[in-house]
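Trainee: Hi, I'm new to this one. Could you walk me through it?

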Amino acid sequence: MTEEENSSQDTGQQEEEAPKFLRGSALSIFHSDRHEDFMALLFAMAVALGVYVTIK
Amino acid sequence: MVYTKKHPALLIMGVIFVAMAFMADTGAMEGLIGFLKNKKYVGEMVGMGYAFGGIAVIIGLWHMFGDHKEGTADYYLSTVAGAIFILLVAMLVRWHLAPFIAVISKGLGPVMGAKYLHQVLGLNYVVLGILAGIIIVNVFKIPEWAENGVRLSRLGLKTGVILLGTLYSLGELASLGKLSALMVGFFVLGAVGMVLWIGRRRNIPNSMAAVLSAGMGVCGVSATVAAAPVVNAKAVEIAYTIGTILLWGVGCMFLFPVVGHMLDLGYIQFGAWAGTGILNSAQVAGAALAYQPDGIETLKVAEIFNITRVLFLPIIVLWLALWYVKHEQDENAVKVNVGKVIFEKFPVFVLGFILMFALSSTGVFAPAQHYKGKYFDNDVKASKMLKDEEVATLSAEGGKLQRADRKEAVARTAENKKVMSIADETLLRGIYNAKILSKDANKVIKKATKAVRKTAGKIKKFRQWITLLFAFGLTGLGMQITFAAMKQAGGQPLVIGGIVGTTKAVAALIVILMFVRETI
């Protein structure tokens, strides 16, 4: 699946260098994979609703 | 920390998008479009160019001249620059670079059967987009103003996977589901067991073997992350596993389509193979789209296999927990709650895919029995009925079929010069996928089945969204593959991962070649 590389890569990298971003992680603007999953779900629902309403 | 940079880049990119849209709209690019033979993208150039260009210009002006203070608005609006940067690269590749390479490749003539070099090597907008991303991050580095937004690429991929659910219907998933569950179950459990066994023989730490087995067996990085706390894996072990998986996946992403074309695999065969053999969903999508850049059938099959694989995650995590406890016997190991880890780490967007699939199966987006976004309607125009010579081709080859139901379906189609029922259409589709008949007869079958399939407007729109989201996500993914991360895959994990990954890929290919064409 699209993967939680951020959490794990962060775990490895943060021991050696300071994080570049104070929010989110190295590979995501969201603070957790679960948060990103829900945002993807929200975005997908919005697209689906838009398509449902506008396309015959 | 203020994330927004006072930089003209976003404004300039917006102007470029709008200019491209204007030129495509007014015909100013006709010469270029004629040379590149990319007329099919003109609609995208105009629609997306104006839409994204407009957004980029407005927010770009705010980036340049606005007063930026630390906060949520600054944080999220600063991502627009990176997102537009990825989109611009992805769309320049899709609209211009990929067609240019296709023109050059066609100029060289066919190199493998009727296929051209760019088709054999899979050099389409998907692969070229990822390559462009890799080159940008490793040669030029990601510009500072784009860094925050580049982190949106995975959101695009996840959204694309969720929307992919709209393209499935219950009947289609049920027929593929049995096959995918059987195959994936066999190969996931086999790969996990093999890594654990080799890991013990090579004396790597149990925690290292366990995370690597989860990564190589189930679902790439998410499985690694889910299994890591269960087996008390160290950060360096997680990093090594991820490096191995990504490096393996990058190799597969380029190699699988080449092998697939050499063996002339059908879309279902290739989708099943990619979904079983490649570990990372983005790379599965990359390989599937590289194999079939102008359609989505391969991607759909690959994603079904891919998502079936994720469903094994709780089982594998449980297995690894038990295995680790048994082998480690470390009294100091921190106790973890396996159920809690599964609950916390299971990717929710997979549930989103299932939700969209459920909605699609109810007939909200297309008639409930739709197949690949199309539905059956045999009120066919005279021009789309089979011609006499096509009927003759079909009738002559019908005798080759062994199954009586298939023979009857072919005979009915030939007699009426069109497909008469959904059942017949399903049988004909099976014959086509199995490649039992000659290419000429298959062409006739394809024409007949195509004529009775009407495209649902909503599904067509979903396809466009999915293509956009995957182009965006995969180009952004390329921008996150650094040579340093790839080097992390060195040593034992790479050797073990390579052995297990290759064994799984080859065994899956053999199984698919032997059984899949007969099963579907």
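Trainee: Where does B:Ala456 lie?

Mentor: Keep in mind that this is a predicted model. B:Ala456 lies in the loop between strand S2 (453–455) and helix H24 (457–478) of chain B.

Trainee: And is B:Ala456 buried or exposed?

Mentor: Buried, because 21 other C-beta atoms lie within 10 Å, and the cut-off for calling a residue buried is 20 or more.

Trainee: Let's move to helices. Which residues of H23(B) are buried?

Mentor: B:Ala441, B:Val444, B:Ile445, B:Ala448 and B:Thr449. They span an arc of only 125 degrees around the axis, so they sit on the same side of H23(B).

Trainee: Why would residues spaced like that point the same way?

Mentor: An α-helix has 3.6 residues a turn, so residues three or four places apart point the same way.

Trainee: What's on the other side of H23(B)?

Mentor: B:Lys439 and B:Lys450 are there, and they are exposed.

Trainee: How far does H23(B) reach?

Mentor: From its first C-alpha to its last, this helix of 13 residues (439–451) reaches 18 Å, close to the 18 Å expected at 1.5 Å a residue.

Trainee: What about H5(B), what span should it have?

Mentor: Helix H5 of chain B has 30 residues (79–108), so at 1.5 Å a residue it should span 44 Å. Its end C-alpha atoms are 42 Å apart, which agrees.

Trainee: Where does H5(B) bend?

Mentor: At B:Val93, by about 45 degrees. Just after the helix, B:Gly109 takes a positive phi of about 90 degrees.

Trainee: Now the inside: how many residues has the largest nonpolar core?

Mentor: It has 159 residues, and those with the most contacts inside it include B:Ile84, B:Ala227 and B:Leu320. H5(B) gives the largest share of this core, 16 residues. Another core, of 15 residues, lies apart from it, and B:Val410 and B:Ala441 are among its members.

Trainee: Which residues does B:Ala227 touch?

Mentor: Leaving out residues up to four places away in sequence, B:Ala227 touches B:Ala210, B:Val211, B:Ala214, B:Val317 and B:Leu320.

Trainee: Last one: what pLDDT does chain A average?

Mentor: Chain A averages 72, and 64% of the residues score at least 70. Over residues 1–17 of chain A the pLDDT is below 50, though this stretch has 52 contacts in the model beyond near neighbours in sequence.

Methods: Residues are numbered from 1 along each chain as its sequence is written. Chains are lettered from A and ligands numbered from 1 in the order in which they are written. This is a predicted model: local features need pLDDT of at least 70, side-chain atom pairs count only at pLDDT 80 or more; totals for chains, interfaces and linings use all residues. Helices (H or I, at least four residues) and strands (E, at least two) are DSSP runs, numbered from the N terminus. The expected span of a helix is 1.5 Å times one less than its number of residues. The bend at a residue is the angle between axes fitted to the seven residues ending there and the seven starting there. A nonpolar core is a set of buried Ala, Val, Leu, Ile, Met, Phe, Trp, Tyr and Cys residues joined through C-beta atoms within 7 Å. A residue is buried if 20 or more other C-beta atoms lie within 10 Å of its own, exposed if 12 or fewer, and partly exposed in between; C-beta atoms are placed from the backbone. Two residues are in contact if their C-beta atoms, placed from the backbone, lie within 7 Å. The arc is that of the directions from the helix axis to the C-beta atoms. pLDDT is the predictor's confidence in each residue, from 0 to 100.
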